[in-house]
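These are my notebook entries on a structure that I looked up part by part. I set down what I checked and what I found.

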Amino acid sequence: MDRYGGRGVLVWGGIMLGSRTDLHILDAGSVNGTRYCNEILLPYVRLFRGAMGLQFLFMDDIAPCHRTVVAEQLLESEDIERMDWPARSPDLNPIEHVWDFLGRRLAARTLPPPVTIRLLRLALQDEWAAMPQQLIDTLILSMGRRC
């Protein structure tokens, strides 16, 4: 979450070799299992699974909304295999490095910093779209060495 004036936004993005999803910016409020299923798993993850077939392996983290019964049931019903994930290991997940890069790019903008949620959303989307795919691919390919 990036905070501006005590407010912020939650973002979600999916990455894979050669591609990425659009950046999904969640509206205000907490994210429970049902919301996670409706806003992330169904519109994004299920489609990626369908496009990639059996070679698809889903990597998330241990956020509470990811481990709810409703999320577990949805992944099982869609035959989506989840990568086993050790606790307290964010450095292993390439998306954490992507979020760091995104935050640094946002902070380094020469334009006036976003001072409203609307401007923050636009800046995040601009920086996500401008992120080099080669950076994402390099991070993903480093998984074997880091794991």
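**Entry 1: Aromatic pairs**

I then took up the pair of Trp-12 and Tyr-44: the ring centres are 5.0 Å apart and the planes stand at 40 degrees, so I recorded the pair as tilted. Trp-12 belongs to strand S2 (residues 7–12) and Tyr-44 to helix H1 (residues 33–52), so this pair ties together parts that are 32 residues apart in sequence. I noted that Trp-12 and Tyr-44 are buried. I also recorded that this is a predicted model.

**Entry 2: Salt bridges**

Side chains of opposite charge can pair when their charged atoms come close. I looked for such pairs and found nine salt bridges in the structure.

Arg-46 and Glu-78 form one of them, at 3.6 Å from N to O. Arg-46 is in helix H1 and Glu-78 in the loop between H2 and H3, so the pair joins parts 32 residues apart in sequence. Arg-46 is partly exposed, with a relative accessible area of 36%, and Glu-78 is partly exposed as well, with 26%.

Asp-79 and Arg-49 form a salt bridge at 3.3 Å, N to O. This pair also links distant parts of the chain, for Asp-79 is in the loop between H2 and H3 and Arg-49 in helix H1, 30 residues apart.

Asp-60 and Arg-67 meet in a salt bridge at 3.3 Å, N to O. Asp-60 counts as buried at 7% relative accessibility, and Arg-67 as partly exposed at 30%. I found these two in a network of salt bridges that links Asp-60, Arg-67, Glu-72 and Arg-82.

**Entry 3: Helix H4**

I compared the span of H4 with its length: at 1.5 Å a residue, its 14 residues should span 20 Å, and the end C-alpha atoms are 20 Å apart, which agrees. I listed its buried residues as Ile-117, Leu-120, Ala-123, Leu-124, Glu-127 and Trp-128. Seen down the axis of H4, these fall within an arc of 130 degrees, so they line one face of the helix. On the other side, Arg-118 and Ala-129 are exposed.

**Entry 4: A surface patch**

I found that Val-115, Leu-119 and Leu-122 make a nonpolar surface patch of about 260 Å². Val-115 sits in the loop between helix H3 (94–107) and helix H4 (117–130), and counts as exposed at 66% relative accessibility.

Methods:
Residues numbered from 1 in each chain as written. Predicted model: local features only at pLDDT ≥ 70, side-chain atom pairs only at ≥ 80, totals over all residues. Heavy atoms only, no water. Patch = residues over 30% accessible without salt bridge, like charges linked within 9 Å, V, L, I, M, F, W, Y side chains within 5 Å. Areas by Shrake-Rupley, 256 points an atom, 1.4 Å probe, with all protein chains shown as cover. Salt bridge = Lys/Arg side-chain N within 4 Å of Asp/Glu carboxyl O. Helix = DSSP H or I, 4+ residues; strand = E, 2+ residues; numbered from the N terminus. Buried < 20%, exposed > 50% of the residue type's maximum accessible area, 1.4 Å probe, protein only. Expected span 1.5 Å × (residues − 1). Arc of directions from axis to C-beta. Phe/Tyr/Trp six-rings, centres within 6.5 Å; stacked < 30°, edge-to-face > 60°.
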